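I opened a notebook for this structure and wrote down each thing as I looked it up. The entries follow in the order in which I made them.

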Amino acid sequence: MTRRGRTAGTVALRVATTLALLLALWWGLVALLEPPRYVFPGPADVWDSYVRQWPMLLRNTAITAAEIAIGLAVGLAAGAATALTVAATPLARRLVLPVVVATQALPVFAIAPLLVVWLGYGMASKIAMAGLIIYFPVATAYAEAMARVDPRLIDLARIAGASRWQLLWRIRAPGGLPGLAAGAKVAATVAPIGAVVGEWVGASAGLGFVMVNANARSQTGTVFAALGLLALLALATRALADALIDRLLWRPDA
C-alpha cells in the first residue's frame with residue numbers, strides 16, 4: 001500500500017471513530033433526558049426519516065450538490081481572475097483589493113434576498129450565493145501568495161528583459177499556486193454554506209428548502225437528516241478538492 005493509501009485509511013478510521021463516539025453520546029443524552037422528538041430527536045428518529053423519505057432527500061441532495069459544484073467553479077474562476085488583476089499592477093491592487101475586502105463586510109443574509117429577487121428562485125441565485133462566499137478566500141489567498149513570490153526571481157527576470165505580463169504569467173502566477181490551493185481548500189469547505197443560505201431565503205428545492213419546510217412542520221428528525229446529508233456533502237467536497245489539488249500541483253506519491 002502506498003503512503004497516500006495508508007494516510008487515507010488512517011483518516012477514514014479517525015473519522016469513523018469520531019462519528020461513532022458522537023453517535024453514542026447523542027444516543028446517551030436522548031436516553032437520559034428523554035426530550036420531546038420535535039425538540040431533539042434521537043438517532044432512531046433521524047434514521048426513520050432517512051428510511052421514509054430517502055427518495056425526496058436524495059433528489060434534493062443532488063440539487064444542492066449541483067449548486068455547490070457550479071458555485072465552486074464560478075467562485076474559483078472569479079477569485080483567480082481578480083487575484084491576477086490585482087497582481088498585474090500596483091494601481092490595480094490599490095483600486096481592486098479594497099473593493100473586494102469591503103464587499104465581504106456585507107452579511108450574506110442581506111445579499112441572499114437580493115440575489116433571489118434578481119435571479120429568481122431557481123439554481124442561479126444559489127450558485128451566485130455559493131460563488132460569492134467562495135470568491136473572497138480564493139481571491140485574497142492567491143493575490144497575497146503572488147505578492148510574496150521571491151523578489152530575487154522577479155529581479156532576475158527583469159534583468160533578463162521580462163515584460164510586466166511575462167513576470168505575471170511566468171513568475172507570479174505559478175509562484176502563487178500554493179496560495180490558490182489553500183484558498184480553494186477553504187472555498188470547498190464553505191461552499192455548502194452559500195448554497196444552503198440561498199435555499200433558506202427562497203427556493204423550490206434543495207436541502208435548505210427541505211430544512212425550512214420540515215422546521216415549519218416541527219419535523220425535527222427530517223431537519224437532522226438534511227443536516228447530516230449536508231455534512232456529508234461538505235466532507236466529500238473537501239476531500240475531492242484535496243485530491244484534485246494534490247494531483248495537479250504536486251507529484252503523487254509512488
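**Entry 1: the bend in H2.** I began at Gln 53, where H2 bends by about 85°, the bend at a residue being the angle between axes fitted to the seven residues ending there and the seven starting there. A proline, Pro 55, follows within four residues. I then looked at the span of helix H2 (residues 43-88), and its end C-alpha atoms lie only 54 Å apart, whereas a straight helix of 46 residues would span 68 Å at 1.5 Å a residue. For such comparisons the expected span is 1.5 Å times one less than the number of residues in the helix.

**Entry 2: what I am working from.** I noted that this is a predicted model, in which local features need pLDDT of at least 70 and side-chain atom pairs count only at pLDDT 80 or more, while totals for chains, interfaces and linings use all residues. Residues are numbered from 1 along each chain as its sequence is written, and side-chain values use heavy atoms, with hydrogens and water left out.

**Entry 3: the whole chain.** How many helices and strands does the protein chain have? I found ten helices and zero strands, where helices (H or I, at least four residues) and strands (E, at least two) are DSSP runs numbered from the N terminus. The C-alpha trace spans about 75 × 50 × 30 Å along its principal axes. Of the 254 residues, 38% count as buried; buried means under 20% relative accessible area, exposed means over 50%, and partly exposed lies in between (1.4 Å probe, protein chains only). I also looked at contacts, meaning heavy atoms within 4.5 Å, and among those between residues at least 6 apart in sequence, 73% join residues at least 24 apart.

**Entry 4: H5, another helix with a proline.** In H5 I found a kink of about 30° at Tyr 135, shortly before the proline Pro 137. The 25 residues of helix H5 (residues 123-147) should span 36 Å at 1.5 Å a residue, and the end C-alpha atoms are 36 Å apart, which agrees.

**Entry 5: H3 and its packing.** Helix H3 (residues 90-103) has 14 residues and reaches 20 Å from its first C-alpha to its last, close to the 20 Å expected at 1.5 Å a residue. H3 bends by about 25° at Val 96, and a proline, Pro 98, follows within four residues. Which residues of H3 are buried? I listed Ala 92, Leu 97 and Val 100, and the buried residues of H3 pack against H2 and H5. Val 99 also has its place in helix H3, but Val 99 counts as partly exposed because its relative accessibility is 49%.

**Entry 6: Val 30 in H1.** Is Val 30 buried or exposed? Val 30, which is found in helix H1, is buried, since its relative accessible area is 18%. Leaving out residues up to four places away in sequence, I saw that Val 30 touches Pro 35, Phe 40, Pro 41 and Gly 42. Val 30 and Gly 42 are twelve residues apart in sequence, and their C-alpha atoms are 5.8 Å apart in space.

**Entry 7: two positive phi values.** I reminded myself that most residues other than glycine have a negative phi. Glu 34, in the loop between helix H1 (3-33) and H2, has a phi near 50°, a positive value in a residue other than glycine. Glu 34 counts as exposed because its relative accessibility is 64%. Ser 218 is not a glycine either, yet has a positive phi of about 60°, and its place is in the loop between helix H9 (207-216) and helix H10 (220-249). At 43% relative accessibility, Ser 218 counts as partly exposed.

Entry 8: Gly 175 lies in helix H7 (residues 164-175) and counts as partly exposed, at 37% relative accessibility. From Gly 175 to Tyr 142 I noted 9.6 Å, C-alpha to C-alpha, although the two are 33 residues apart in sequence. Arg 247 is found in helix H10 and counts as exposed, at 58% relative accessibility. The C-alpha atoms of Arg 247 and Leu 25 are separated by 38 Å, and the two residues are 222 residues apart along the chain.
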